[in-house]
Amino acid sequence: MAQPFPYTYYACDCYDSNNTTSSKRASQILAAAEEEDRTFDPRSPRSNYSLYPLEHLLYCEDCQQIRCPRCVLEETLNWYCPSCLFEVPSSVVKSDGNRCTRNCYNCPICTSPMTVNSLDTSNDNGPPYILACPYCHWSTVEIGIEFEKHTGISSQLARIANGGKPIPTQKERDKERERRKELGSRKRDGRDVLSHSEDSPSTDTERDDPPPSHDDVFSNLGAFYKAQIEAQTPSNPFSPHDITFSSPSAYNRIMNLYSNTSSKRNKRQKPAPMREAASLIEGLTVHNPSADAAAIERIKKEGWAATLSPAQKLTQINPNIRFESDLRPIATLLCTKRSKRCRSCRHILSKPESKITSTRYKIKLLALNHIPRLSIRALPSTATMPPPPSSSTQQPQFNYNALNSGIPTHFLLHLSNPLFDPIRVTLATPSTTPGKVQSRVTILCPQFEVGANTDVWDDALSSSLSPIKRGSIINADGQIEAGKIWDRGRNWTSVVIEVVPGFLKPVAGFGQQVDGADGEEELGEDEDVLEIPVFVRIEFEADVNAEERGLGDARGSKGERERREEAFWTVVGVGKIAGM
Amino acid sequence: MSRPTARKAAPKGEYIETDSGNKVSRRSAITGTANITLGGRTVIMADVVLRGDLHPTRAVPSSSGKEVTPTSISIGRCTVISTGSVIKPPSRISRGQTHYYPMKIGDNVFVGPNCTISAISISSHVHIGANVTIHPFALIKENVKILPNTVVPANMVISSGSVVGGRPARIVGEVGEGWGVSGGGAGTGLGVGGGSEEKWVEGGDLRELVRSIK
């Protein structure tokens with residue numbers, strides 16, 4: 001999700017740390033060391049997957065590391081429908097699939113939720129009912145479906161095909177299949193006896209029927225495979241035709257794999273190969289050129305407007321349909337509530353309450369409470385005197401989407417400390433940003449301290465931390481002096497960072513080397529975005545017991561303190577460089 | 001050293017502040033004030049339209065037999081309605097008559113500028129971006145973020161913790177676990193989270209924001 005400027009993303013190094021295993025050859029260790037020395041490049045394709053806003057990160061207190069969505073394990077607590085907010089038991093999810101079986105449907109055209117409306121004009125809201133989309137006004141009338149009741153839409157819809165014809169149930173289908181099979185075999189027998197003709201026997205009968213529906217083909221094929229598996233108790237453990245893993249044959253197969261005595265005997269036998277579906281009754285669909293021709297004719301007549309977009313097709317149960325008349329309302333997909341565990345130590349990092357309506361968490365270990373928050377914003381023009389801090393709304397808005405190339409701009413980098421101990425912070429950044437547009441970056445005060453996150457009232461009562469006179473860090477020329485912090489508060493410190501945005505097009509004789517080949521190149525997408533990688537290292541002394549750190553008073557002198565340090569990369573999105 | 005940009009002290013402030021700390025802009029257009037309740041510390045900015053006159057007309061069965069003023073819009077605490085937004089209770093036509101339904105907005109809800117809102121209910125800690133349209137009878141649960149320029153279709157239920165966007169609105173993601181948590185009392189200072197320059201976080205406690213609006 002794109003965030004407006006300015007933003008800060010935090011890099012989780014889980015991918016890199018997973019790769020550095022202990023058993024490595026010397027060259028690899030060297031490479032790894034090189035990797036470590038290299039600065040983080042927010043433009044590399046891989047960093048797309050390691051940068052997160054701080055709100056999305058968790059923190060494992062046992063590993064003392066940031067945990068991003070890639071390095072946690074998710075466990076589903078329960079399933080629920082996002083539309084009717086009813087919980088669906090996992091057994092129902094297993095049997096009926098991951099869709100709501102109540103009255104929740106989405107429009108197949110525009111995906112917005114559909115409502116049940118009455119077609120009754122006599123003000124009684126009686127039958128017939130339809131599903132209608134309040135957003136694009138598509139309704140089931142367009143596919144010829146009306147309902148008798150306004151509840152139990154799913155079961156009613158399962159019985160009606162487009163156009164209002166009833167859909168045969170599974171039982172009826174089975175019966176029909178048996179009937180056809182018998183018919184076919186009788187016919188074949190008769191022909192074989194009489195004429196011994198080599199014509200394919202069943203084609204002429206199939207021509208007359210309309211093409212089988214998706215469900216028909218599926219049930220035919222399913223029945224065929226079931227029959228095949230039953231006919232042949234497979235002794236071959238590697239039979240590729242086993243499709244149902246819960247079947248007794250699959251159980252047999254697994255038993256054969258693990259018991260040596262029987263498998264030896266079985267190996268000798270050559271398994272009779274399973275045959276594939278050979279006719280329509282067995283679920284074979286033969287390509288039918290006349291259907292294609294009919295589709296083309298229809299497009300000629302009705303135009304593109306009657307066809308579906310790929311996205312619309314993919315949301316359908318049967319993705320092979322082409323026309324709007326084949327659409328079915330989409331049952332709403334279920335959502336899950338999930339708990340998260342640390343991938344390396346398996347401790348639970350977040351666990352929501354299992355009730356659907358509850359938004360509370362039983363356990364929630366946020367990175368927000370463990371690592372300092374870094375934020376950036378433009379410093380109001382430094383040449384003039386510093387503005388009163390309260391009336392920042394009066395200042396003209398700084399346009400982050402149009403940074404001026406080549407003009408040194410000052411930004412405030414603000415660090416707030418969520419820990420109950422004061423921290424020492426070291427910031428580092430490459431002097432020029434990676435990418436084609438090279439901007440020069442200088443952190444004027446890379447080393448500083450941030451106070452502890454103590455009680456708010458401590459700050460108010462003790463006026464020792466009076467604000468620094470900003471005049472002292474601006475010297476006579478109106479320049480900001482390096483090595484001094486800009487401002488500080490109870491648990492935050494801000495420092496000045498100077499950025500000279502680079503040039504989108506190389507300018508001759510202006511510090512940048514005009515590279516003939518590079519100059520001609522077009523800038524890629526988002527090359528004008530100024531993102532600064534900042535390496536943050538914090539050091540602090542904490543109580544030994546990690547669990548008590550968040551709760552206990554930092555001043556409750558236990559005596560046992562340990563030095564801790566943490567380091568991570570962040571990427572600060574400053575803005576967009578304006579073209580000239 | 002005098003303040004360079006001292007606020008031109010308007011004879012009366014931009015906002016009228018009530019006893020419970022509500023700040024209502026003098027330039028807002030509010031109709032049917034008797035049918036509107038504000039929870040306290042709620043901000044109604046300039047050019048906001050609150051249609052309190054569109055209240056339920058059906059007789060409310062009251063035990064005391066007294067005439068009860070129907071509520072059309074009730075807004076919770078520390079909610080901010082930004083400039084140019086229109087809040088209009090949803091209506092339904094039944095038997096040839098238009099019926100309005102009472103609308104509820106929870107606590108710490110941020111409504112961005114130029115929104116049109118007809119939802120039946122918006123729960124607490126919801127962040128609504130700029131230029132969002134919410135059609136009648138939409139139901140928005142807690143901790144939801146609605147991206148700018150979204151159109152939420154009528155009757156849509158947005159379950160808690162979702163991020164929605166697009167026209168029509170679809171669920172495009174989930175808010176992180178840290179939604180609305182302001183990092184360790186970072187109340188002082190600047191720039192946290194999505195509220196980039198402000199002292200507040202999207203979906204979090206908006207008290208700081210309310211305090212800063214004068």
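Which residues does Arg177(A) touch, not counting residues up to four places away in sequence? They are Ser219(A), Asn220(A), Ala223(A) and Ile281(A). Keep in mind that this is a predicted model.

- You'll find Arg177(A) in helix 5 of chain A, which covers residues 170-194.
- With a relative accessible area of 7%, Arg177(A) is buried, because anything under 20% gets that label.
- Its side chain has a polar contact of 2.5 Å with the side chain of Asp174(A).
- The side chain of Asn220(A) also makes a polar contact with the side chain of Arg177(A), this one at 2.8 Å.

**Aromatic pair in chain A**

- Over all chains, the count of aromatic pairs comes to five.
- One of them is Tyr10(A) with Phe568(A), a tilted pair with 5.7 Å from centre to centre and 35° between the planes.
- Tyr10(A) belongs to strand 1 (residues 7-11) and Phe568(A) to strand 22 (residues 561-576), both in chain A, so this pair ties together parts that are 558 residues apart in sequence.
- Both partners are tucked away: Tyr10(A) is buried at 1% relative accessible area, and Phe568(A) is buried at 6%.

**Aromatic pair in chain B**

- Tyr101(B) and Phe137(B) pair up edge-to-face, with 5.2 Å between the centres and 75° between the planes.
- The angle explains the label, because planes over 60 degrees apart count as edge-to-face.
- Tyr101(B) sits in the loop between strand 11 (97-100) and strand 12 (103-105) of chain B, while Phe137(B) sits in the loop between strand 17 (133-134) and strand 18 (139-140) of chain B, so the pair links parts that are 36 residues apart in sequence.
- Tyr101(B) is partly exposed, at 24% relative accessible area, whereas Phe137(B) counts as buried at 13%.

**Arginines over rings**

- Tyr101(B) has another neighbour worth a look: Arg92(B) lies over the face of its ring, 5.4 Å from the ring centre.
- In chain A, Arg298(A) lies over the face of Phe323(A), at 4.1 Å from the ring centre.

Conventions: Residues are numbered from 1 along each chain as its sequence is written. Chains are lettered from A and ligands numbered from 1 in the order in which they are written. This is a predicted model: local features need pLDDT of at least 70, side-chain atom pairs count only at pLDDT 80 or more; totals for chains, interfaces and linings use all residues. Side-chain values use heavy atoms; hydrogens and water are left out. Rings of Phe, Tyr and Trp (its six-membered ring) pair if their centres lie within 6.5 Å; planes under 30 degrees apart count as stacked, over 60 as edge-to-face and the rest as tilted. Helices (H or I, at least four residues) and strands (E, at least two) are DSSP runs, numbered from the N terminus. Buried means under 20% relative accessible area, exposed over 50%, partly exposed in between (1.4 Å probe, protein chains only). A charge sits over a ring if NZ of Lys or CZ of Arg is within 6 Å of the ring centre and within 35 degrees of the ring normal. A polar contact is a pair of N or O atoms within 3.5 Å; within protein, one must be able to donate a hydrogen and the other to accept it, and residues adjacent in sequence count only if both atoms are side-chain atoms. Contact means heavy atoms within 4.5 Å.
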